[in-house]
Amino acid sequence: MPSCPPAPLTEPRPALYNPRWLLATVLSFLLIALWDVSGQDLALAQVWGTAQGFALRDDHFLVTYMHQGMRNLGWVIVLALSLGVWMPFGLLRKLPTARRVQLLVSILASLAVVAILKRSSATSCPWDLSVFGGVAEYVSHWRWGVHDGGAGRCFPAGHAAAGFSFVGGYFALARDTPRAARWWLAVALVMGLLLGLGQQMRGAHYMSHTLWTAWLCWTAGLVIDMGMARRRLSA
C-alpha cells in the first residue's frame, strides 16, 4: 500500500505581541504612577536645589558634555542608523530591511511623542519653582492645562529621550538577535537614566519626568512592533 506524502511544512505565524512585553508595560506604568502618588519629586529635587536655586545649573560638565554633547551624539547615531537602513553595517547586517526600518522609525517616533507632549505641557521645571528661587508653584504634571505660573513645557524629560528613544530598537532586534537586543535595551536604559539624572541635578527635571519618558519610549517601540507584526500577518 503506497504511503501518503508528508504534509507540507508551514511556518508558524508570528504573534502580534509578546505577552511579557505587555506585562512589563502595564507593571512599569503602575510603578511610575506609584512614584507620582508618593510625592517624592520635590523631596528628591531638594537634594540638589535650595532657595537660592540649583548650584549645578550651569556646571560645565553637565551642560557641555552631558547635555549638549550627548544630544549631538544621539543625532549622529540616528543619522548613522538612517544610512544603515540602505547600507547596513555591523549588527544591522543581521536584520532584514523591514527590521532596520522599524528600528529607525521607533527612535524617531519616540522623539516625536516626547516632543509633542513637552510642547503642550503646562508643567514648569524645578528651577522655575519659588521654593528654588523662581516664580512658579508646584502643580502635578497630571493636571493638564493648569498653569503653575512658570514657563511650562517641561514634561516629559526631552533630554533623557536622547537615550531612551533607542529603547524601541530592542523590539526590532529581539527576534533576530535576542542577545544583542538585551544589551541594546540595557545600554539605552542606562544612558537615559544618566542623562535624566544629569538634568535633575541641574534642576531641569523631576525624576518622574525621566521615568515617564522611559515609559513613553518603550510603549512607542512596542506599538510600532505590534503594527509591523500586524502588517506581516495581513501580507
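Reader: What makes the link of Cys 125 and Cys 154 right-handed?
Author: The angle about the S-S bond is 110 degrees, and with that value the link of Cys 125 and Cys 154 is right-handed. This is a predicted model, where local features need pLDDT of at least 70, side-chain atom pairs count only at pLDDT 80 or more, and totals for chains, interfaces and linings use all residues. Residues are numbered from 1 along each chain as its sequence is written, and side-chain values use heavy atoms, with hydrogens and water left out.

Reader: Why is the pair of Cys 125 and Cys 154 called a disulfide?
Author: A disulfide is a pair of cysteine sulfur atoms within 2.5 Å. Here the S to S distance is 2.1 Å, so the pair of Cys 125 and Cys 154 qualifies.

Reader: Why is Cys 125 called buried?
Author: Buried means under 20% relative accessible area (exposed is over 50%, partly exposed in between; 1.4 Å probe, protein chains only). Cys 125 has 11% relative accessibility, so Cys 125 counts as buried.

Reader: And why does Cys 154 count as buried?
Author: Its relative accessible area is 0%, so Cys 154 is buried. Cys 217 is buried too, with a relative accessible area of 0%.

Reader: Which residues does Trp 218 touch?
Author: Contact means heavy atoms within 4.5 Å. Not counting residues up to four places away in sequence, Trp 218 touches Trp 21, Ala 24, Thr 25, Val 167, Tyr 170, Phe 171 and Leu 185.
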